[in-house]
Amino acid sequence: MRADLSRKREGWSVARRRRDWTPDLLTAPALVVMALVMGFPLLYLGYMSLHRWSLIGFAPPAFIGVGNFVALTGDERFTDSVIRTLYFTGLGLASNLPMGLGIALLLDQRFPTRNLLRALLILPMVATPAAMGLVWVVMLDPSLGIVRYLFKLVGVMAPPLWLSSPAWVVPTLVGVDAWMWTPMVALICMAGLAALPGEPFEAARVDGANAWQRFRFITFPLLAPTLLVAAMLRVMDLLKVIDIVYVMTGGGPGHASETINLYNYLVALSYDRIGYGSAVALVLFALVLVCTLALIRLRRAAT
Amino acid sequence: MTRRRFRQGVLVVAGWAVVGAFLAPLAWMVLGSFKTTVDFLAYPPVLLFRPTLLNYAKVFADNNFPRYVFNSAVVAGGATLIGLLLGLPAAYALARYRRTAVGVVLLTARMAPGIAFLIPLFVMFLSVHMVGGYTSLIASHLIFTLPLTVWMMVGFIEAIPREVEQAALIDGCRIVGVLMRIVVPLTAQGIAATSILAFIASWNNFLFALVLSNDRTKTLPVAVLGYIGYNSIEWGTLMAAATFITLPVLALALCVQRYIVRGLVAGAVSG
């Protein structure tokens, strides 16, 4: 805190002597481009969300105030997609975090080939999601897919129909998402584990704490902030999930796997309801913002 | 000693079992790309089979496929290069003069759903007849490559001792000279890692290309959708195309494996 203050004062006195324009000139090109591809589009999005707006046909955009947002509350397909997305996000967190932590604890141990395994673990998250989604479609095929075969191998004779079952489609997609992103949670946890101080563990060992007690009372509390960072990153992406859903189910069967983001895409760019779709996008943005800030606050409370 | 051995053995087996499970779908995809349809549909599935290159031949027999590869390379290359040219000076300013406003922009970029930029960009590009052009695709990909570049490079630049730059400044070097002669050479490795991460993010991007490209400028992640038809699925061909798209990315990623998580925290805009 103190160091921070003195640094600020130092910066202030420099600024008073002579305004140094160098940093502004260095950031200007990047800021201009960001304003063009991000800032202005966001403002325009807000403007469009207040209009009835379509690209096909001759009707000019009509200002309707918050009409689109009011209409959203009565749009069952939208509210369903919100609930579904929250369900998706909840399942995702509930699977990713314990699995990621477990893998991290395993690969935190010292044994031969450990570093190779850590390196290989990055592969699922960098593999092109659209391509991998299709590979999973083939693997999950209800009659010929390898997943069905593996289930039969362990004695499950009538596994669910995965992507074709309205009840199972979301958990199945969460599974594919977990395949891609649990390794990221694991790697973040590993970084957190490597940074833990050694003394508490020594002390606990001297006091005769067993492995579970050391995990429960030392590792877990100390790692909580790291887990919250992982949770925050996952929440941001889970709430926005679209690629694998678009590729694997297109929102089906029926609307059983239609997430907010997919509904948003369909409404705005397939059904040509640009204004309405803009309103959906703003709501989605707000949802991500609120959830992320809540987790940031939680993390501050935890540290 | 033997107990220790035993423990190590258990850990090795457990480690390979867990990581192996995560690698299995990739391995299965690569294997499948060399299988004939008969082998592919064999029940129970076969691990040993006579490999065929027929699937790859079919992928490249489609005259458009090389074009999609070219499109992906142009868009990812362009978005990476421009991201670097704009991002490097900004990262330097951020690392040395602490500009917090840029940090806020970066966080916003990480949180905003891609669709929030995509709808207005589509409308805007449409009104100037730019939908389907490389320019609009590259511009849209800057939404994630630029923040990613800045975020990654700030870390690398902060690791350079300040004295080196100060010495250069005292010797009469201009800020551009400092950047070109000191910062760039000293962070060469970081620049390479950053470029690779930006390239991967752009190469993998699906949604932006889906909306902003046309039949001529389609990139690979969009083109691969064409291999899954509703009446006839050429499974082997699909696996070959998926392998061809994914393998370069996997190879590049292994080169920069140490930096992957840092890059993902900065994040590609997903969705």
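Before the helix pairs, I noted how angles work here: axes are lines fitted to C-alpha atoms, for helices over the stretch in contact, and angles run from 0 to 180 degrees between N-to-C directions. I also noted that helices (H or I, at least four residues) and strands (E, at least two) are DSSP runs, numbered from the N terminus.

This is a predicted model, in which local features need pLDDT of at least 70, side-chain atom pairs count only at pLDDT 80 or more, and totals for chains, interfaces and linings use all residues. Residues are numbered from 1 along each chain as its sequence is written, while chains are lettered from A and ligands numbered from 1 in the order in which they are written.

**Entry 1: chain B overall.** I found 14 helices and 0 strands in chain B. Its C-alpha trace spans about 75 × 70 × 30 Å along the principal axes. Of its 271 residues, 48% count as buried (20 or more other C-beta atoms within 10 Å of a residue's own, with C-beta atoms placed from the backbone).

**Entry 2: H8 and H9.** I then looked at helix H8 (residues 162–170) and helix H9 (residues 175–186) of chain B, which pack at an angle of about 135 degrees with their axes 10 Å apart. H8(B) and H9(B) are therefore oblique to each other; angles under 35 degrees count as roughly parallel, over 145 as roughly antiparallel, 65 to 115 as roughly perpendicular and the rest as oblique. Which residues of H8(B) meet H9(B)? I listed B:Val164, B:Glu165, B:Ala168 and B:Leu169, which meet B:Gly177, B:Val178, B:Arg181 and B:Ile182 in H9(B). Contact here requires C-beta atoms, placed from the backbone, to lie within 7 Å.

**Entry 3: H10.** Helix H10 (residues 188–204) of chain B has 17 residues and reaches 24 Å from its first C-alpha to its last, close to the 24 Å expected at 1.5 Å a residue (1.5 Å times one less than its number of residues). I saw that H10(B) is largely enclosed by the rest of the structure, because 12 of its 17 residues are buried. Among them are B:Leu197, B:Phe199 and B:Trp203.

**Entry 4: one methionine.** I picked B:Met152, in helix H7 (residues 134–158) of chain B. B:Met152 is buried, with 25 other C-beta atoms within 10 Å.

**Entry 5: where the chains touch.** Lastly, I checked the contact between the chains, which takes 75 residues from chain A and 75 residues from chain B. On the chain A side, helix H2 (residues 22–49) gives the most, with 15 residues.

Technical notes:
Contact = placed C-beta atoms within 7 Å.
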